[in-house]
Amino acid sequence: MEQRLLAAAAAGRNHNQFPKSLNAFVSLISNPCTSDSTLTTTAETLISHLQSPNSNHQQILSLLSALSDHHPRLRREVVAAVKYFILLPSITIPALSHALSLLDPADSAALDLFSDESLFLTLCFYECGKIRKWLLRNVSIFRVRPSVLLTILLGFTMDPFPYIREAALDGLVMILNDGVVVEDRSLVGGCYFRAAELLFDADISVRRAAVSAVSEWGQLNVASNPDEYKRDLSDALFLQLCVMVRDMDVEIRVSAFDALGKIPTVSENILLQTLSKKPLLSTKEKIYPGQYTEKLSNIPATAAAFAFLHGLGDDFFQVRRSACRALQTLMVPSAEFACGTVDILVCMLSDASVVVRLQALETLHCMASHGHLKVAEYHLDMFFSILIDNDALIRSAMRKTLQFMKLQKLAMFRSCIENLIKNLELYPQDEADTFYALYRIGCSHRKFVIKIIQEVSQELEPSLDGKLGFNKVKSAGLFVLAISAPVSLERKTSSVPPQIFSYAVTLLGRICHGLVDVVDENTLLSYLSQCSRFTFTSTSENIEGGLLDFGLKYNRIHLHEKSNEVSSPSKTHGPSEFTSPLESHVKSVSCVKTIFQKIVDLWPLIQLGCMNEVARTLRSLKEETKLFTRDSHRPEGVIVFAMNYIHAIKLLGNAWAYSLSMTNLQLKGMGALEYLLGKMERGLTEMLYRYVGMTRNEELHILELMLVTYAIRLACGDTCHFEEYMRKLDFVLCSIEYLYKEGSFEISRFVTDLQNVSREIGNSEDKAVDMPYLLLNSLNLFSLQHIMLSGELKHLDAEVDVCGNDFRKPLPFVPGLPVGIPFEITLHNISSEIKLWLAISVGERSTQFVFLDLNEFGGSDEIRKFKFVAPFFRTHRVKHLVLKVSIGMESSSENRNLKRYNGPKHELIYLSRDTEVHLSMVVR
Amino acid sequence: MPIECLVLGAGQEVGKSCVVVTINGKRIMFDCGMHMRYKDLRQYPDFSLISDSGDFTSSLSCVIITHFHLDHIGALPYFTQVCGYEGPIYMTYPTKALAPLALEDYRNMLERGGEKAQFTSEHIAECMKKDTILVDSWHTIHVDKDLQIRAYYAGHVLGAAMFYAKVGDSALVYTGDYNMVPDRHLGAAQIDRLQLDLVISESTYATTYRDSKYVQEREFLKAVHKSVASGGKVLIPSNALGRTQELCMLLDDYWERTNLKVPIYFSSGSTIQANLYHKILINWASQNVKDTHARHNAFDFRNVRSFDRSLINAPGPCVLFASPGNLNGGFSLEILKQWAPYEENLVMLPGSCSNGIIGSKLMSAKIPTQIKLDENYDITLQIHKLAFSAHTDGKGIMDLVTFLSPKHVLLVHGEKPKMAALKEKIQSELGIECCYPANNETVTIPSTHHIEAGVSDAFLQSCLTPNFKFWKTNVGSDERTPPILQVHDDRVGQGMLTLQNPRKLAMLHQIGRLRLISLVKNVNLFDISLAREITGNSQEKMASALRSAILRHIRVPVTQSFVLNGSRLATVRSMSSHGDDHLDKQAVIDRVLDVVKSFPKVDPSKVTPDVHFQKDLGLDSLDNVEIVMALEEEFKLEIPDKEADKIDSCHLAIEYVHNHPMAS
């Protein structure tokens, strides 16, 4: 059979008959029983076919690929043949790409082909333009030195074929995105000016590519020049891109505006020119290097004329949005420019496209938060009409913008309030958010608030028949406004009629829901009831000193001090007056304290093994703690700590109960217990390392719990990890001893006993036999103590995210080549001394660590938010990859050194959840 | 062949647009408009200038109409029905649909005024039935074998188009009226970046700089709202087509947003018909209308209803759209007379009112005033001037010209002083030639003429294979920046153009010293621009012109033209320096023989001073040319064609060089 097939295959030597012999080849290759000699013959036949110019190379290549897959022994010959084939001048594109795919860049036989630039260069300088295009598009397969690649790409921007010019420009952008550093200033300039010339190409796709190339290389050009030129070059780049905003192609306009938004510094006079069609005096005669038309180099500054207004008035919403977005960054340095754009942005609020309206609002919001938003009276109508927009997103964005607005006149403020209330009436679902907006805008316009409330206080009074008309939405809104009015706690005076506060109490629930970010219900209640007893002074001057603001985040600390001040005397005078106002932190600490007390009470139950009871109680405690986390802010460290603690106790209880009944152990084995203990251990370690500001007492408590974990494990006869856990146990005991030496506190009997046991076991001959009994004895001495919380705890936390990436939108990668993954990282309470690592793992085993040098990223210790592109090197030859990424902190106290290349030297404490990153092979 | 532009209308004025362009033997009439100010034959372009015999059909290749406004199409019925033109007419679908409406409107208005139009209803119908060919935006149409035209979206009014016409290598764009910024109902003009010799552009607002449309809209709405809120009636005189729809969309939108309940009226039935067209021809509308029309057709106005005469003096506020737009009679004037005495009322005057008509009188008047029409009217109503315009402003014209970067610009449809200012700007800022001829003037504009040349294999090879070089130069005049790297792809620069015989050009590759390669292929890859030199018709003249062009300086762009390093070519063909020192004969003989010997095809042993190139050395006529060129190079002299043809042997060559006074 084999011989017959071979004969059939050999008949295919004649090229015309090749299709017929195809099946014979396939059978021969795929049959595992085919003899070696036949296979060798087959390979030879195929290779000879491959070299003849007339055969169907695609088919032969697939056969060869199958051959080398099934019979690795023949791989070398196949690769050699393919290498030879690639260099044939008659090669066609599909065959070339197919042939190249046969060669594995990681394969040593093919390595020289890809790493040797000569193949790349040879292919590049072929006459066939298509091959060139394919090469430029697939540059990443080859290992070409960046310097060579850059030269090649720059050269090909001169190619007569537009698609090659386009590919070359794309390649130039790609080089920069890959992080290649180009230091030669003249080369950077060369690339930039060449790209600028291609902005005037007749071919649209070339122009598109040129815009992004100009943007990227322009920025590099600015950066690589000495400081004294930077400003001019930046302006020149801006003008160069401004020329493109009048292109007839939508995509080009969009990317031109996108690129404009990336330029950080632009001279103010040029920015102002973009708002005026007439040449301004300041820009009239100025000329910058660049490309103005195909023939004219040197761009006059007037080229920027009206650029933004054209963009904002464009026919396509994509362009309008992009122009709006660009304004967001450009208006930051120049208040005058920002002022000029407000007019148009306000008009954009009535745009037909929701996306544009949202973007315009966002830009306005950004402007307001930079203090550049000066609202004129005639804008207000437009602004306020947005408050009753159909789209909830738009309304919400508008309210956010309102909060930052500075209104100069009372009339403006009044109409603002009126419109917010109108919003409230039309869309009851916005109530909470609107209340918040009312409160915030009230806080920033206190004098107006006083006036308004005084005007309407009559309306707010109960009607003659004694019924309060407070269910009216309007009154509710006004009450919220009144809360933002200034009062003086020291003098107990209020600038609005104090009875309003007591009326507001009737709507406490609703108001509180709106102000949940600012204050909790009890504090508000006490605040209101306190204020309602104040005396009314109509002059606001008396009150200036006692402005009480529980709104602004940055005022929190200030407020904290104040509240202590206020609350301490009140306590001495008598508890009934009022509790400390408005400070949720103090409240949460006290709450956690009670919770911890309750947990101690649970201990007897745990000892009895009534875990159902205990679990229920713990669950309710957890719920209670969660109440503090419901607002959108990050929960305080104390709260997170409490949650962790509750969880640990639950695990402890379960483990305890489990270990109590030895029958259980005998029946079910160690599995479940080991799992519980493992979880507990991890939890406790985290608690130990992930909080800043722990006292010795707290630390000791947790260490003790750790000892319990280890003791249970060892007592229940976990012989496999005996050595390991003994070492751990000793380590913890040492730590406790160390703490003991530093401070004055007692060591519990459990610990002292355990110290003895550990010493004994160290001396004993037959450790595994004696130990469980000894340990069980000491465990019986353990009882849960009350953990004393003393101060503020800061939770070290990290979030890592890859924007927009999920399994449907994977990042592209090329197998075998490193891939850069853009992470968005948020760190909380992490000081720059801490060594942070990004752990990227594929599957279970292989993990790659990337060090995060916190000094490189700005931000404060409290919160750091930055973007970081981490390289991932071990891309396998698969179509899809799922990476798990988390952030770990190197624990300095763990004295175990890990021998690892390029990784942390100590154990990592993971600070974030695993984030999945999806990668997918590049398919062009 | 140069392009000839005969401006029959709209030269240095606004009205009766009509330009007849002769381009490579094809004659195209762009637009055929009438002047609204005149009532006699002056309102039409002087068609007799096209053809003395009156046989327009054979003297014009086609007529192209850009849009349905009367100053662009008004004379068409007269031209076809009275003057008897029977050739093809090109216009877009909407123009064809709306043109009868516009023409009929005009005729009716004249008849109401007791006058008689130059054409009848039947004329209009007949004219539209004629051989009109419809085009769509971005479609290319081959009028005949040589002439192709393409329509581009122009904004302005529904169905307005810019036209691109190309004959052979010459191409031009006639813009008609266009708008470079989108408005509520129409998009902005769109066009490709083309290789153009000429752009004929309108220049109505050559020196105006219009504010952003948002500001214009806000002011308009504010004025209307204010008047309506105080109980006034708002009169908006506007033509049924275009402006009415735009303002209606604006108002309708505003009404929805602010929940206003004041009625908005259309006065005439033609507005409803026009609305219908707008609704159907959604493809020609603005992007926004296109995007949303599936949900809600923007021309389905929710707050607009039709007007009844009984409503003229009905109490309460209202907004009324009445035609005609320029208030020179008709319904809008009638309403104005009725509403003028009340100061809460408002009239919205269009941005441009021609002199003499009542609109411009109102514009300059101080309110309250009296205006004399058929009797005296007290005018106390408020007047607001609309800033809207469907025409592009000065910045828009500049933007379009910058984008297209043609070799020449011809301005029409504008006022003379403004055109002069714009011309100055185009020439100084963009370095593009510009002119603005008056009516009935003819302008001649040089055009591109490409000559097909044969190419040698080696040259083709060198063109296909990348061959780039890098060197550092200073960019621009700016001395501050350090020299930057520039890339040059020299694969084109090394070509050499020769004349194989007077009719055929050849493209040769120069490797080392002139090596002759036989001509193989005719590849249409090369456009050799030798524009100016080739003006004559006769082959001989052309050949000599070519020859001199080649010898002086050639630029050989390959498909996409990059700027070549002219200096390199110049060194190859530099003929300028001549020394005075005369050569002695032996030196001449040696050098000539050297040249011939170094010729690749030649066996050096055969070369003697008496050898004949073709007979003895087996060279052909093309080789002959190469040798002559090599000699020119060697001795730095220029050999005229006639002489060059005679030099077919070494002997003659030596004689010629020796006797040449300039040889060095």
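Between chain B and chain A, 11 residue pairs are in polar contact, counting pairs in which both residues have pLDDT 80 or more. The model is a predicted one, and the interface described here belongs to that prediction. On the side of chain B that touches chain A, the elements giving two or more residues are helix 6 (213-229), helix 9 (287-292), helix 12 (394-404), helix 13 (416-430), helix 14 (457-464), strand 25 (468-473) and strand 26 (484-489) of chain B. Strand 26 of chain B makes the largest contribution to that side, with 6 residues.

**The interface between chain B and chain A**

- The contact draws 56 residues from chain B and 62 residues from chain A, and together the two chains bury about 5,200 Å², of which 60% lies on carbon and sulfur atoms.
- By residue class, the side of chain B that touches chain A divides into 24 nonpolar, 16 polar and 16 charged residues.
- The count of salt bridges between chain B and chain A is 3; one of them pairs Asp343(A) with Arg218(B), whose closest N and O atoms are 3.3 Å apart.

- Asp247(A) sits in the loop of chain A that runs between helix 14 (227-244) and helix 15 (250-260).
- Asp247(A) has a relative accessible area of 3% and is therefore buried, since the cut-off for that class is under 20%.
- Leaving aside residues up to four places away in sequence, Asp247(A) touches Arg207(A), Ile252(A) and Arg253(A), and also Phe403(B), a residue of chain B.
- With Arg207(A), one of these neighbours, the side chain of Asp247(A) makes a polar contact to the side chain at 2.9 Å.

- Ser389(B) is placed in the loop between strand 19 (382-385) and helix 12 of chain B, and helix 12 is itself among the elements that give two or more residues to the side of chain B that touches chain A.
- The relative accessibility of Ser389(B) is 14%, so this serine counts as buried.
- The side chain of Ser389(B) reaches the backbone nitrogen of His391(B) at 3.0 Å.
- When residues up to four places away in sequence are not counted, Ser389(B) touches Asn179(B), Tyr205(B), Arg210(B) and Arg243(B).

**Cysteines**

- Over all chains, the structure holds 0 disulfides.
- Cys435(B) is in no disulfide, and the nearest cysteine sulfur, which belongs to Cys434(B), is 6.2 Å away, whereas a disulfide would need the two sulfur atoms within 2.5 Å.
- Cys435(B) has a relative accessible area of 19% and is classed as buried because the class takes in values under 20%.

**The two chains as a whole**

- Chain A has 924 residues, of which 55% count as buried, and its secondary structure comes to 39 helices and 16 strands.
- Chain B has 664 residues, of which 56% count as buried, and its secondary structure comes to 21 helices and 30 strands.
- In chain A, residues 24 or more positions apart account for 70% of the contacts that have a separation of 6 or more.
- In chain B, among contacts between residues at least 6 apart in sequence, 71% join residues at least 24 apart.

Definitions and conventions. Residues are numbered from 1 along each chain as its sequence is written. Chains are lettered from A and ligands numbered from 1 in the order in which they are written. Side-chain values use heavy atoms; hydrogens and water are left out. Contact means heavy atoms within 4.5 Å. Buried area is the accessible area (1.4 Å probe) that two parts lose on being put together, summed over both. A salt bridge is a side-chain nitrogen of Lys or Arg within 4 Å of a carboxyl oxygen of Asp or Glu. A polar contact is a pair of N or O atoms within 3.5 Å; within protein, one must be able to donate a hydrogen and the other to accept it, and residues adjacent in sequence count only if both atoms are side-chain atoms. Helices (H or I, at least four residues) and strands (E, at least two) are DSSP runs, numbered from the N terminus. Ala, Val, Leu, Ile, Met, Phe, Trp, Tyr, Cys and Pro count as nonpolar, Asp, Glu, Lys and Arg as charged, and the others, Gly among them, as polar. Buried means under 20% relative accessible area, exposed over 50%, partly exposed in between (1.4 Å probe, protein chains only).
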